Amino acid sequence: MHSNKLFNRTRWQLAGWYAIVLGFLLGICGVAVYQVVFHTQRYILQEKLQSLAGTLHDTIEPQLQQPGQLSSSLKTILPGLCLWNENCYSSGNDGVRHTARVFQQEGYYLRFLDQSGAILGKVGEQPDVLENFAPKEFWQILHLSNGDRFYQISLLLRTNSGLPWGYMQIGRSLKEWDAYLNTLRLLLFLGLPLVMLLVGGASWWLSGLAMRPIYQSYLQMQQFTSDAAHELRTPLAVIQTTVEDTRLAEDLPEVSQNLDIIERQNIRLSRLVKDLLFICRIEQQQIPTQLQHCCFHYLIGDLVEELAGLAMMAEVELKLEIRASRAVVILGDEAQLYGMVTNLITNAIHHTPPGGLILAILDCTDKEAIIQVQDTGVGIAPAEQTRIFDRFYRVQNDRSRATGGAGLGLSIAAAIAHAHQGSIQLQSELGKGSTFTIRLPLK
């Protein structure tokens, strides 16, 4: 297949389209995975900040008395709280305020603003932003000049008397989150070419696997064309030669002899064309099968009697052995079944040396009729048994040509057996003979 340009080009096209389609689908899947991870991580971050903000809001609001003023009692709730008019210092943890300890981690921060946006107090590492601290939205993303980003939530605080006090902002650095997403994008970007290489190799292998049966059919078609041309060439050459001799002939006996040759070769051509058309039509189910009840006792008995003369001429013995204890009746086309068994027996006669024995056996099981044709002929080598039912295939070409065979008899027998939902098998040993077994479903 590699040496054939047409199949090679078709294989490349199949592999290319398969790789393109699969690469497109993988690209869509990669984008979908990235979006899922992005939104999942953002949802987790929002939930964590919102939960933290809600807990602090409920804890701090009862401690607020005057708008825009932080009491020193908040330092016991928030260790590390740094007021706007004081130097920052660290206080000990009381072991109760687990929520406040979050701001001692890297990346988290908390700050209190009055209603104008001025900072009143802060905890943790604050982002160095140039914009106004006054909240614009419930959720905000702060961008620093060095490329770092912070994600924060802003809540309105009220005093214990219900007056607006100011704002509380809680945020977290997105540096770790951005690094994770960048790594994911890099893996997807670098992984796609590697995956495409693997997909390309798989595409090339799968396209070859898919085209193998087609290539085998192509080779069989080529072989069939070659064999058919070879079979037709011989009788056509004989006819042409005979016609030329007839034109030169002067006496009537020679003309009559040449006409006989032409007639024989024409009959041979007609039989070959008829067999070829029969095989093609029966495989395509274009031959109407006239189903009727066929009793194989009478069919094989009559057939053995008719072919007894041919066996005597070949100096072989033809016997019939009926092993079935009851009538073997199937539903099928009697003419086709008759031709099927005829081909098997005549094939055995042609390939059995003088003095040999051919045994036609009829048997049955509860579900199948079994017809066997055994001979003591030359046998078939194991390497050739797989091709014995191919059209025009002959094990012994010289012997078959001498008997006029074209190598279609076994092909026709196999086609008829398969058309009747049956099977045909071969058991053979070189130098000891062959056994053809046909199994057909009973009526």
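These entries go from a charged patch to the core and then to one helix.

I worked on a predicted model, where local features need pLDDT of at least 70, side-chain atom pairs count only at pLDDT 80 or more, and totals for chains, interfaces and linings use all residues. Residues are numbered from 1 along each chain as its sequence is written, and side-chain values use heavy atoms, without hydrogens and water.

**Entry 1: negative patch.** I looked up surface charge and found Asp302, Glu305, Glu306 and Glu334 gathered in a negative patch. Helix 5 (residues 296-306) gives the most, three residues. Helices are DSSP runs of H or I, at least four residues, and strands are runs of E, at least two. Glu334 sits in helix 7 (residues 334-350). Glu334 is partly exposed at 37% relative accessible area; the class lies between buried, under 20%, and exposed, over 50%, with a 1.4 Å probe and protein chains only.

**Entry 2: largest core.** I noted 43 residues in the largest nonpolar core, with Phe296 and Met340 having the most contacts inside it. A core joins buried Ala, Val, Leu, Ile, Met, Phe, Trp, Tyr and Cys through side-chain atoms within 4.5 Å. Elements giving two or more residues include helix 5, helix 7, strand 10 (357-364) and helix 10 (409-419). Helix 7 supplies the largest share, seven residues.

**Entry 3: helix 10.** I counted eight of the 11 residues of helix 10 as buried. Among them are Leu410, Ile412 and Ile416. Gln421 follows helix 10 and has a positive phi, near 55 degrees.

Note on methods. Patches are made of residues with over 30% relative accessible area and no salt bridge: like charges are joined within 9 Å, nonpolar side chains (Val, Leu, Ile, Met, Phe, Trp, Tyr) within 5 Å. Accessible areas come from the Shrake-Rupley method with a 1.4 Å probe; for residues, only the protein chains shown count as cover. A salt bridge is a side-chain nitrogen of Lys or Arg within 4 Å of a carboxyl oxygen of Asp or Glu. Lys and Arg count as positive and Asp and Glu as negative; His and the chain ends are not counted. The place of a charge is taken as NZ of Lys, CZ of Arg, CG of Asp or CD of Glu.
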